[in-house]
Amino acid sequence: MKYHIAKLVFLLAGWKSEVAPELIERAKNTVTVAAPHTSNQDFIFSLGLFWLMRSPLKFLIKDSYTKWYFFGFFTWLGGIGVNRSQRKDLVSYSVELLKTTNYNLMIAPEGTRNKVDKWKTGFYHIAKDAGVDISLGYLDYSLKRAGLLAVLNPDDLESTLSKIEDLYAPIQAKNPENYNIKIY
């Protein structure tokens, strides 16, 4: 059902998914970077991309979104509720989730839709500590394309961030004024 919903949304919006077949298998059970993140629409297309790939995807969300009054909607989408006032170490929590399940954990390292000076590096530490790769999801609004740029093994922090920065350089955000292509 999720596949068909994503297919319809992409069709109506005029978007295409671009994922090399060899990346689909390699991208399973990874920490997935969702970037650029400058609009609420980014969530819809990022989620849809993984539904089109038929890859199980989870994401961390404020626990209030997983309460009964949302009727399980955000949980059905893949949301894992987190009470940030009680859970101080989201990296360790995420590592444990990845070690005990078989899905992708989607993270927007910018942490906000507003412009930031640099990305948060939690995605890197989660992947490194869990012993999984980092898949690089992208949304290019100039081409109306969603896809995967690459799947990387997290080397040392600086070289990994440098590779990621180079790969994301040509990607156009929905709101380019809110996207800093210098990520570290």
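How do α5 and α6 lie to each other: parallel, antiparallel, perpendicular or oblique? I opened the notebook with that one, keeping in mind that this is a predicted model.

**Entry 1: the α5/α6 pair.** I looked up the axes of helix α5 (residues 90-100) and helix α6 (residues 122-130), and they come within 9 Å and cross at roughly 45°. Angles under 35 degrees count as roughly parallel and 65 to 115 as roughly perpendicular, so α5 and α6 are oblique to each other. I also noted the hand: α5 passes α6 in a right-handed crossing.

Next I wanted to know which residues make the contact. On the α5 side I found V91, S94, V95, L98 and K99. From α6 come G122, H125, I126, D129 and A130. I sorted the residues of this contact by type and got five nonpolar, three polar and two charged. A reminder to myself on helices: an α-helix has 3.6 residues a turn, so residues three or four places apart point the same way.

**Entry 2: helix α1.** I checked the span of α1, which covers residues 2-13, twelve residues in total. From its first C-alpha to its last, α1 reaches 16 Å, close to the 16 Å expected at 1.5 Å a residue. After α1 comes G14, and I jotted down that its phi is positive, near 75°.

**Entry 3: T38.** I found T38 in the loop between β2 (31-35) and α3 (41-53). Is T38 buried or exposed? Its relative accessibility is 4%, so T38 counts as buried. Then I listed what T38 touches, leaving aside neighbours within four places in sequence: R113, A173, K174, N175, N178 and Y179.

Conventions:
Residues are numbered from 1 along each chain as its sequence is written. This is a predicted model: local features need pLDDT of at least 70, side-chain atom pairs count only at pLDDT 80 or more; totals for chains, interfaces and linings use all residues. Side-chain values use heavy atoms; hydrogens and water are left out. Axes are lines fitted to C-alpha atoms, for helices over the stretch in contact, and angles run from 0 to 180 degrees between N-to-C directions. Helices (H or I, at least four residues) and strands (E, at least two) are DSSP runs, numbered from the N terminus. Angles under 35 degrees count as roughly parallel, over 145 as roughly antiparallel, 65 to 115 as roughly perpendicular and the rest as oblique. A crossing is left-handed if the near helix is turned anticlockwise from the far one by less than a right angle, and right-handed if clockwise. Contact means heavy atoms within 4.5 Å. Ala, Val, Leu, Ile, Met, Phe, Trp, Tyr, Cys and Pro count as nonpolar, Asp, Glu, Lys and Arg as charged, and the others, Gly among them, as polar. The expected span of a helix is 1.5 Å times one less than its number of residues. Buried means under 20% relative accessible area, exposed over 50%, partly exposed in between (1.4 Å probe, protein chains only).
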